[in-house]
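Hi,

Here is the structure I promised to pass on. Have a look at it first, and then read my notes below.

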Amino acid sequence: MRKKIVAGNWKMNTTVPEGKELASALVSKFAGVPEDVTLVIAPPFTHLDSVGEIIKDSKICLSSQNCADQEKGAYTGEVSAAMLKSVGCEYVILGHSERREYYGETSAKLVEKTKLAFANGMKVIFCCGENLEDREAGKHFDVVGKEIKDVLFQFTAADMANVVVAYEPIWAIGTGKTASSAQAEEIHAFIRKTLADQFGKEVAEDMTILYGGSCKPANAKELFAQPDIDGGLIGGAALKADDFIAIAQSY
Ligand code: PGA
């Protein structure tokens, strides 16, 4: 059975006190979230320890937004997968388009990061998605297919139990422009087929594929109703407890 997940990517927002307040609000409002929906939050590195404490007795899981591509040592400013595991991270978001675009994250680096996340017992939320130019040129299937092949195809079918794919069209991130549910379903089905061709149908059927990009309470229900959309990776709307919970309740 495929897991339904609603994950909140806080990006570089909130101070530690603000983050703790948001996490406490999520814990207190959690009650209406359906049993079979897993909630994940990805605060900044500095918040993980204290936010982790707040959510530790709840059903909300902790994620980081990135991890280092090296195990440990002289890599100033980096945070390793082992460190993240030690503060209770179950998930790590890898390959977000903002990291690819602004921080030169390549597929080769993502392979190393994914290996380290797995070695430390964490699950990977692997992001992929095309930009507006590629979408308009009709290249979105090629772009997304390549991102998946270059990273996920370097791993085994068994590893896929620890991978969540997040499809996030870059043109829909933070822009208020959502992919229509039909556009999103079309590419989610393509992603599942790509995974099935490599890892087998059974493995692909069990994998969670999230939609991300201007997902909010008003459009979540329609998106999540699509057969190959198993939840969302939420940016802006994850910063408001009521909105994030409302999205999770959209199932
Ligand atoms: P958004 O961001 O919901 O603010 O569009 C989504 C994301 O980048 O994960």
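How do the residues that line the second largest pocket divide into nonpolar, polar and charged? Keep in mind that this is a predicted model. The lining splits into 5 nonpolar, 8 polar and 3 charged residues. The pocket itself holds about 220 Å³ of space, and 16 residues line it, with G174, S214, G235, G236 and A237 the closest to its centre.

Now for the largest pocket, with a volume of about 460 Å³. It has 13 lining residues, and K11, M12, Q65, R99 and Y103 come closest to the centre. Helix α4 (residues 97–102) gives the largest share of this lining, 3 residues. By type, the lining has 6 nonpolar, 4 polar and 3 charged residues.

Next, the aromatic rings. The count comes to 6 aromatic pairs. One of them is F153 with F199, an edge-to-face pair at 5.7 Å centre to centre and 85° between the planes. F153 sits in the loop between α7 (140–151) and β6 (163–167), while F199 belongs to helix α8 (residues 181–199), so the pair links parts of the chain 46 residues apart. Both F153 and F199 are buried.

F224 and Y251 make a stacked pair, 4.9 Å centre to centre with 20° between the planes. F224 is in helix α10 (residues 217–224) and Y251 is in the segment after α11 (241–248), so this pair ties together parts 27 residues apart in sequence. F224 is buried, at 6% relative accessibility, whereas Y251 is partly exposed at 28%.

One last thing to find: K123 lies over the face of Y91, 5.8 Å from the ring centre.

Cheers

Note on methods. Residues are numbered from 1 along each chain as its sequence is written. This is a predicted model: local features need pLDDT of at least 70, side-chain atom pairs count only at pLDDT 80 or more; totals for chains, interfaces and linings use all residues. Side-chain values use heavy atoms; hydrogens and water are left out. Rings of Phe, Tyr and Trp (its six-membered ring) pair if their centres lie within 6.5 Å; planes under 30 degrees apart count as stacked, over 60 as edge-to-face and the rest as tilted. Helices (H or I, at least four residues) and strands (E, at least two) are DSSP runs, numbered from the N terminus. Buried means under 20% relative accessible area, exposed over 50%, partly exposed in between (1.4 Å probe, protein chains only). A charge sits over a ring if NZ of Lys or CZ of Arg is within 6 Å of the ring centre and within 35 degrees of the ring normal. On a 1 Å grid over the protein atoms alone, a cavity is a set of points where a 1.4 Å probe fits but cannot get out, and a pocket is an open set with protein on both sides within 12 Å along at least five of seven lines; lining residues have an atom within 4 Å of a point. Grid points are joined across faces, edges and corners, and a volume is the space filled by probe spheres set on the points. Ala, Val, Leu, Ile, Met, Phe, Trp, Tyr, Cys and Pro count as nonpolar, Asp, Glu, Lys and Arg as charged, and the others, Gly among them, as polar.
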